[in-house]
Amino acid sequence: MTYRVVQWTTGNVGRKSVHAIVANTDLELVGCFAWSPDKVGRDVGELCGIDPVGVTTTDNVDALLALKPDCIVYNPMFADVDTVARILGAGINVVTTSEFITGHSLGDGRNRIMEACEQGGSTIFGSGINPGFIQLFAIVTAGISDRIDRISIVESFDTTIYNSPDTEIPMGFGYPIDHPHLAAVTENGSGIFGEAVGLVADALGAHLDEIRCEASYAQTTEDLQLPGDWTIAAGCVAGIDVRWTGIVNGRNVVEVRGIWTKGQTRQPEWTTTFGYTITVEGRPTIRSTLSFEPPPDFIGETLDDYIMLGLTITAMPAITAIPAVVAAPAGIATYIDLPLLLPRGVLATS
C-alpha cells in the first residue's frame, strides 16, 4: 500500500521530512503547506535542496484538505491547536514532531483535539522532539529488568551551530541570567519533557503524584555571535540544564533531562557528551549510550549538511509511524498504543 502524504511546513525538521517522504517507496507526497509567503508556489524538492518533485507549495489549507491524504506530517515546533483540530476534524490523520506526545501540556487544547479526532474518525501521533524515540528506547530497555527503581533519560548537546533562535529562545537562551521569570520561560518552553515523563510512567504502570520541573543556567561571559545573525549578549543564558521528574511517594522514579550549551565562554563551564544516555536503575541496572555518526559515503560541505544528520533522528520516528497511525483507532496515539514501528521503504538496495 502507498500512503498519500501532505507535508506541513519546510523548516529545519520539515526539510528532512520531505527528503524522507520522497525517498520512501511506501509514501507519495501529494501536497505541501508553506507558512512563509516567499515559499508559496515553489517546487517542494527545490525548496528543500533536492531535485524537483512536481509538487508545489501552497498556503491554501482548504486545497490541501481537499486532497484527502492518508496523513499529514506536521512539523512546526509548536502545535497550533486550531490548525491541528481542523485537519483531524476533516478526517485526516496527523503525525507530528511538534511539542505533542499526550497533549496534556496544551490544557483545554487537548480536549479540542480529542473532539476533532472523534468528529473525523482520525488519529494523531506525536513522536516527541529532541527526539521522542528516546523515550521508546528507554521503555524497551526497561523490559529486561525484573525490578525497576528509576529511569533516567539525558540528552546532552552543544547546539552552537544550530540556527534556530525561534525554537531556542522560548527555552530561555539569550535571556539575562538574572531574569525574574527565566525558570517559568524554560518550564513553558520545555513542557514536552513533562509529557515524556508521563509517557514513560504510563509504560511502567506508575501513577505519578506530581511532575516537577527544575532548571539551572550558564551565562556567556562575552557576546556570542551565532548562525542566523543571532547574538547572545554577555551575561545572558548560553547553557540550560532542565530536569523534568516524575514523583511517586516523594521519590524520583522517572527523569527526562536536557543539557544544551552554546559557545565556549560559559560560566559555569559544563561538559556536553553529544548524545543520549538512558539509565534503568534496577535489577539489573542498565546503562545505554546513543551517539550518531555520518554514513561512510557522507560528503558534508556545509554546517547545514551536518545539522541535517541530527534532524533526521527527529523527523524519522513520525515518518516511520505513518502506516501504524493510519490503521489505529481514532484518538491520541502514543508509542505505547501503537505496534512496533517498522522502518519500511528505507532499505538501500544499491
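Predicted model: local features only at pLDDT ≥ 70, side-chain atom pairs only at ≥ 80, totals over all residues.
Seven strands make up an open sheet with parallel pairing, and their order is β3-β2-β1-β4-β5-β6-β16. The edges belong to β3 (57–58) and β16 (331–333); each has a single partner strand, so one side of each is left without a neighbour in the sheet. Helix α1 packs on this sheet, where it touches β1, β2 and β4, and its direction makes about 165 degrees with that of β1.

Here are the elements in this part of the structure, with their residue ranges:

| Element | Residues |
|---|---|
| β1 | residues 3–8 |
| β2 | residues 27–33 |
| β4 | residues 71–74 |
| α1 | residues 12–23 |

Strands β1 and β2 pair in the parallel sense over six bridges. Within this pair, Val5 stands opposite Leu29 in β2.

Now for a closer look at α1. At 1.5 Å a residue, its 12 residues should span 16 Å, and the end C-alpha atoms are 18 Å apart, which agrees. How many of the 12 residues of α1 are buried? Nine are, so the helix is largely enclosed by the rest of the structure. The buried residues in α1 include Val13, Arg15, Lys16, His19 and Ile21.

Elsewhere, Ser164 sits in the loop between β7 (147–158) and α7 (165–168). Is Ser164 buried or exposed? Its relative accessibility is 8%, and buried means under 20%, so Ser164 counts as buried. The side chain of Ser164 also makes a polar contact with the side chain of Thr167, at 2.6 Å.

How values were computed:
Residues numbered from 1 in each chain as written. Heavy atoms only, no water. Pairing = 2+ DSSP bridges. Helix = DSSP H or I, 4+ residues; strand = E, 2+ residues; numbered from the N terminus. Contact = heavy atoms within 4.5 Å. Axes fitted to C-alpha atoms, helices over the stretch in contact; angles between N-to-C directions. Expected span 1.5 Å × (residues − 1). Buried < 20%, exposed > 50% of the residue type's maximum accessible area, 1.4 Å probe, protein only. Polar contact = N/O pair within 3.5 Å; in protein donor to acceptor, adjacent residues only side chain to side chain.
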